[in-house]
Amino acid sequence: MERAIFDAVIGLLEGGVPLGDVSIERIARTAGVGKATIYRRWAGKEDLLVELIRSVEPPDPELPGVSVRDDLVMMLEFMRRRGLAKRSSALLRNMFTQMQAYPRLWDQYHRTAIEPRRSRGIEVLRRGVATGEVRADLDLDLVNDLFIGPLLLRTVLQPDADLAPDFPARVADAILDGVRPRD
């Protein structure tokens with residue numbers, strides 16, 4: 001049932017229906033289900049769309065926890081793969097572009113997808129402070145942004161920029177070199 005509903009939304013969006021015109025009623029009609037079926041699973045359109053986006057994104061990686069560098073590289077590689085997926089998926093590009101025009105939808109995605117990933121990055125950096133891999137005098141929110149920034153720049157603002165497989169490691173190494181404790 002969930003797949004039929006997701007397929008209905010995808011079909012509507014790929015068919016050129018603007019996100020604002022994708023209603024629960026229209027989704028239900030397209031999927032051949034009742035509105036109540038959708039509302040039993042999702043509180044509203046925002047929840048359904050966020051879950052749809054999350055279902056087509058690769059799952060968050062399990063971090064090995066061996067070193068801060070390895071965990072950061074793995075997190076950045078995840079972002080690189082998401083960026084490549086967005087480049088190759090008209091659906092994802094379309095949804096992300098339109099989503100930002102709908103504050104409730106964007107807020108829901110931010111709370112359920114972006115914030116947990118940010119928190120995870122900051123936790124890795126806190127572990128780095130505890131193990132002596134990252135200086136304790138730094139603003140970890142800012143340091144986390146330094147790691148994420150290059151990937152966001154190349155996936156969102158410069159979608160034609162190089163996203164080579166070694167890019168996450170190069171970013172991690174360059175930034176870690178600057179945030180390591182000084183002798």
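Visitor: In which helix is the place of Leu72?

Guide: Helices are DSSP runs (H or I, at least four residues; strands are E, at least two), numbered from the N terminus, and Leu72 has its place in helix H5, residues 68-88. Please keep in mind that this is a predicted model, in which local features need pLDDT of at least 70 and side-chain atom pairs count only at pLDDT 80 or more, while totals for chains, interfaces and linings use all residues. Residues are numbered from 1 along each chain as its sequence is written, and side-chain values use heavy atoms, with hydrogens and water left out.

Visitor: Is Leu72 buried or exposed?

Guide: Buried means under 20% relative accessible area, exposed over 50%, and partly exposed in between, with a 1.4 Å probe and protein chains only; Leu72, at 3%, is buried.

Visitor: Which residues does Leu72 touch?

Guide: Contact means heavy atoms within 4.5 Å. Leaving aside residues up to four places away in sequence, Leu72 touches Val124, Leu125, Phe147 and Leu176.

Visitor: What makes the contact between H8 and H9?

Guide: Axes are lines fitted to C-alpha atoms, for helices over the stretch in contact, and angles run from 0 to 180 degrees between N-to-C directions. The axes of H8 (residues 140-157) and H9 (residues 167-179) come within 10 Å and cross at roughly 150°. Angles under 35 degrees count as roughly parallel, over 145 as roughly antiparallel, 65 to 115 as roughly perpendicular and the rest as oblique, and H8 and H9 are therefore roughly antiparallel to each other. Val143, Leu146, Phe147, Pro150, Leu151 and Arg154 of H8 make the contact with Phe167, Val171, Ala172, Ile175, Leu176 and Val179 of H9.

Visitor: At what angle do H1 and H4 pack?

Guide: The angle between H1 and H4 is about 95°, with their axes 11 Å apart, and that makes H1 roughly perpendicular to H4. Here Glu2, Ile5, Phe6, Val9 and Ile10 in H1 meet Leu48, Leu49, Glu51, Leu52 and Ser55 in H4.

Visitor: How many residues has the largest nonpolar core?

Guide: A nonpolar core is a set of buried Ala, Val, Leu, Ile, Met, Phe, Trp, Tyr and Cys residues joined through side-chain atoms within 4.5 Å. The largest one has 28 residues, and those with the most contacts inside it are Ile5, Val9, Ile27, Ile38, Leu48 and Tyr109. H1 gives the most to this core, with seven residues.
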